[in-house]
Each structure stands twice: as structure tokens, then as C-alpha cells.
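Reader: I have a model open and would like to go through it with you. Can you put it up?

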Amino acid sequence: MKRPKLNNSRTSHAINRLDRQKATKPQSTRATEFTVAFFQRNARTTPNKDCQVYVLVTYGHDRLSYSAGMSCKPGLFDQSTGTVKNNAEHSKILAAIKAKANECYAEMKLSNRPIDLQIIKAYSLDIDIQGIPSMLECLELFWNERIETGLKIGDLEKGSYLKLRAWHGHLSNFIRERHGLRPPLMAIVPADAKACVDWLREKKNHSNDVAMRITSHLKRVLEFATANEWIQRNPFLMFRKKMQNKRQESLTIQEVEAIENAAIASDVLNLVRDIFLFCCYTGLGYSEVSSLTPSNITEINGQKCIIQVRDKIRKKTNLPSVVPLGKEALLILERYRNHPASLQKGVCLPVQANQKINAYLKQIQHVTGIKKRLTTHVARRTAATYYLNAGMPLTSVSALLGHSDTATTTRHYTTVTPETVVRDFQAIKRKTKLD
């Protein structure tokens with residue numbers, strides 16, 4: 001049946017007026033409002049006895065009450081402010097419970113998660129949420145699933161494993177000191193990234209770059225938690241490493257010549273000097289030189305070269321390093337070709353332990369009067385800097401060092417001298433007739 005029109009009746013005007021008011025009136029948000037309050041049970045019936053203090057959290061039509069873990073006489077408890085008279089410690093605990101409940105609710109809203117009052121309860125009381133590990137437990141799970149497994153299947157070398165174990169110890173201490181013994185994952189906030197960097201620099205005396213790397217490792221742990229859906233978003237998502245651009249030490253041509261021409265009577269120091277110079281000529285690191293065998297030396301277009309795959313030595317890039325051998329490098333290889341230690345190990349050079357070599361290099365540094373610290377890695381940087389400044393393209397220098405990215409070569413291994421800049425400018429000037 002068709003509804004009759006009542007345009008001319010008083011009832012029709014009243015209905016239309018109410019419809020307009022309903023359309024323009026803002027909708028109440030009371031139905032989805034989140035509140036935290038405190039109350040005492042049996043306070044009226046037992047005014048002279050201690051009564052438990054309870055927390056009441058509400059969201060829309062959902063309500064949940066739970067004990068705050070304390071009791072007091074009703075006359076000492078102020079329900080409107082959530083404080084206990086003459087007991088600052090209890091008042092502080094109640095304030096912390098309310099703050100954590102609001103923080104957990106805000107996190108759920110921000111990450112578009114359903115509002116779960118049981119999770120808010122667990123977070124506000126610092127108790128375990130069923131099925132979700134604490135921050136320290138997440139750190140342990142990451143260690144077992146990623147680090148231990150990586151070591152077993154060969155994706156991680158022993159040196160990196162030991163370094164990461166030390167990092168995990170630092171991170172565990174930081175989390176305990178900042179958030180307590182069993183902090184939930186949701187307790188970690190973006191501000192903890194900066195706090196972690198500062199803590200590592202102050203308490204562990206780490207440099208800025210090392211502190212940044214350790215904090216980035218914590219970011220990976222939190223990404224692991226996100227992948228397992230223990231948290232909805234990584235609180236360190238916006239954290240970026242800010243590394244200091246330190247000048248990388250390398251030797252000049254004059255300093256290398258000083259080492260070549262130094263009068264050294266000790267046979268051991270002469271051996272260490274030759275190994276150091278061989279690294280300066282080739283750019284090989286300690287692990288490559290110590291494992292260099294005659295089978296790694298081949299000939300390309302009439303030029304003898306060293307071909308090594310770094311994955312077999314350092315487990316890093318899995319790229320071959322192509323190192324042409326100059327006259328000086330070939331003389332050193334020939335000098336130690338029949339050395340007893342070389343023949344016994346089947347290698348080209350009788351290389352000792354890296355710690356011993358660096359200790360002997362200190363003596364050579366004292367003999368030559370060079371102020372820079374001499375290490376096998378300084379020799380590798382010296383080779384990279386020399387070849388780049390001599391005009392070798394950056395891509396070729398990167399291939400010589402076995403790097404997969406030229407940015408690594410530029411950042412960590414090369415130093416451009418002012419003479420190189422002037423030389424390149426003059427070359428462009430001649431080509432373009434630039435005045």
C-alpha cells in the first residue's frame with residue numbers, strides 16, 4: 001500500500017523538522033570512546049577494611065575489570081583522580097597502569113588492529129600476552145632461527161657469528177635497563193632507536209658507526225617480529241643509519257717507498273714487509289693472501305693475474321677478484337716460492353697469523369718513521385687509492401677488490417688526492433678547451 005502524503009499536516013512538518021535535525025546533528029562518539037577508571041569493590045559495606053583496587057577499561061559497549069594488585073582503605077582512595085592518599089608509590093603505579101592502557105589503545109588504533117581489552121590488560125600490567133613473546137624472548141627467537149641457522153647452513157661465518165653474539169648481549173642489557181626484565185614487544189617505541197645509539201656510545205664506549213650498526217640489527221629483530229605478526233608495524237621503521245664520514249687511512253707513494261727502502265736486518269721483519277708490500281701492490285686482504293695458491297694464478301692476454309672467488313674465503317660477495325700482477329708482486333712470489341712453510345701448506349706466501357703480522361708492522365712503522373698505523377687492511381686501502389688516483393676506472397678498482405658495489409669501494413677503500421682532481425680537470429680542459 002502506498003504511503004499517503006501528509007505535506008499539509010502538522011505531523012508532516014514535525015517529522016520533516018526532526019529529520020533535518022538528525023541529519024545536521026553530529027554523531028556521538030560515546031559508543032566508541034575508550035576510558036580507563038579505577039574503583040574499589042565492597043567499599044561501602046566494609047569501610048574500615050582494606051579493599052582491592054580494580055581497573056575498569058571500556059571501549060564502546062565492551063567492559064573489562066581487573067585487579068590493580070593493591071588494596072587500601074576506602075577513605076584513602078580517591079576514585080576521581082585514581083590516587084591513594086599518603087602513598088605516593090601506589091599512586092604512581094596506578095598512573096603507570098592508566099598510561100600503559102592508553103598507550104596500548106593508541107597503538108592498536110594507529111595500526112588499525114581490533115581493540116582487544118585483554119591485550120590492553122596484559123600490556124598495562126606487564127604480563128605475558130598469550131602466544132606473543134616478550135621483547136627479550138623475541139631477541140632469543142631471532143637468534144635461534146636466523147643466526148644459529150645461518151651458521152649451520154653456511155650463510156654466516158664464525159667471525160660474524162661471534163660479533164653478532166656480542167651485539168645481542170648489548171641489546172639484551174639495553175632492553176632490561178630501559179624497559180625492565182619482561183617488556184612486551186609493544187613497549188618498544190621509535191624513540192628507543194636514538195636511546196639505543198646513545199646508550200651504546202655512553203655505556204659500551206662504541207663509536208657512532210658501530211652503535212648505528214647494532215641499532216640497525218635491533219631494527220631487523222623487530223622486522224622479524226612484524227613478519228610473525230606479533231606486532232603490526234616496526235617501531236624502528238623510520239630509523240636510518242647516520243654514519244660518520246671518517247677519512248680512511250692509506251699510504252702515499254713516498255711512504256710505500258720508505259718501507260721498500262728501509263734497512264731491516266731481521267728475517268722475520270723482512271718477510272712481514274714483503275707480505276705487506278704484496279698487499280699494497282695487489283689490494284688483497286689478509287685472508288686472500290694467506291690462502292693464495294699457485295692454482296689461483298693464471299694468465300689473461302699475456303698478463304699474469306690472480307683470480308679468487310671471495311665467497312670461498314670471506315663468504316661475502318661470491319664475486320671473483322681479478323688482480324693483475326706487476327713486476328714487484330711477481331718478484332715477491334718468486335722469492336718465497338720454495339719457502340718451507342709455503343711448500344708445506346701448498347700456498348704462495350708463508351703468511352703468519354694476522355695478529356702477529358700487525359704486531360711486527362708496528363716495529364716496521366717505528367723503523368721507517370711513518371706516523372700512520374700499519375695493518376694489512378691499510379695495505380689494501382693503499383692499493384685501491386693508488387690505482388684510482390693513477391687513472392684506473394672505479395669499476396675496475398671495485399673488481400680488483402672483489403666488491404659487488406662501487407659504493408663500498410668509494411666509501412671504505414679509496415681516497416682521492418688533490419693532485420688527481422687537478423689532473424682530471426686538466427685532461428677535461430685539454431679536451432674541451434675550457435679556459
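Reader: Is Lys194 buried or exposed?

Author: Lys194 counts as exposed, at 53% relative accessibility. Buried means under 20% relative accessible area, exposed over 50% and partly exposed in between, with a 1.4 Å probe and protein chains only. This is a predicted model, in which local features need pLDDT of at least 70 and side-chain atom pairs count only at pLDDT 80 or more, while totals for chains, interfaces and linings use all residues. Residues are numbered from 1 along each chain as its sequence is written, and side-chain values use heavy atoms, with hydrogens and water left out.

Reader: What does the side chain of Lys194 meet?

Author: The side chain of Asp198, in a salt bridge of 2.8 Å, N to O. The term stands for a side-chain nitrogen of Lys or Arg within 4 Å of a carboxyl oxygen of Asp or Glu. Asp198 is partly exposed at 32% relative accessibility.

Reader: Where do Asp198 and Lys194 lie?

Author: Both are in helix α6 (residues 191-203), 4 residues apart, which is about one turn of the helix. Helices (H or I, at least four residues) and strands (E, at least two) are DSSP runs, numbered from the N terminus. An α-helix has 3.6 residues a turn, so residues three or four places apart point the same way.

Reader: How many salt bridges are in the whole structure?

Author: The search finds 7. One of them joins the side chains of Lys372 and Glu255 at 3.2 Å, N to O. Lys372 is in the loop between α13 (354-368) and α14 (376-389) and Glu255 in helix α8 (residues 253-261), so this pair ties together parts that are 117 residues apart in sequence. Glu255 is buried at 19%, and Lys372 is partly exposed at 22%.

Reader: And Asp274, which residue does its side chain meet in a salt bridge?

Author: Arg335, at 3.0 Å, N to O. Asp274 belongs to helix α9 (residues 267-282) and Arg335 to helix α11 (residues 327-335), so parts 61 residues apart in sequence are tied together. Asp274 is buried, with a relative accessible area of 10%, whereas Arg335 is partly exposed, at 48%.

Reader: Changing topic. What is the order of the 3 strands in the open sheet?

Author: The order is β1-β2-β3, with antiparallel pairing. Two strands pair if DSSP finds at least two bridges between them. β1 (34-40) and β3 (62-72) are at the edges with a single partner strand each, so one side of each has no neighbour in the sheet. From one strand to the next the twist averages 20 degrees. Axes here are lines fitted to C-alpha atoms, for helices over the stretch in contact, and angles run from 0 to 180 degrees between N-to-C directions.

Reader: How many bridges do β2 and β3 pair over?

Author: Strand β2 (residues 51-59) pairs with β3 over 8 bridges, and β1 pairs with β2 over 7 bridges. Tyr54 is opposite Ser67 in β3, and Tyr54 in β2 is also the bridge partner of Phe39.

Reader: Which helix packs on the sheet, touching β1, β2 and β3?

Author: Helix α2 (residues 88-110) does, and its direction makes about 155 degrees with that of β1. Contact means heavy atoms within 4.5 Å. Helix α3 (residues 117-124) also lies across β1, β2 and β3, at about 20 degrees to β3.

Reader: How many residues of β1 are buried?

Author: 5 of the 7, so β1 is largely enclosed by the rest of the structure.

Reader: Over to α15. Which residues of the helix are buried?

Author: In helix α15 (residues 394-401) they are Val397, Ser398, Leu400 and Leu401. They cover an arc of only 155 degrees around the axis, which puts them on the same side of α15. The arc is that of the directions from the helix axis to the C-beta atoms. Gly402 follows α15 and has a positive phi, near 80 degrees.

Reader: What about Asn301, what is its phi?

Author: About 55 degrees, positive although Asn301 is not a glycine. Most residues other than glycine have a negative phi. Asn301 sits in the loop between β6 (297-300) and β7 (303-309), and it is exposed at 82% relative accessibility.
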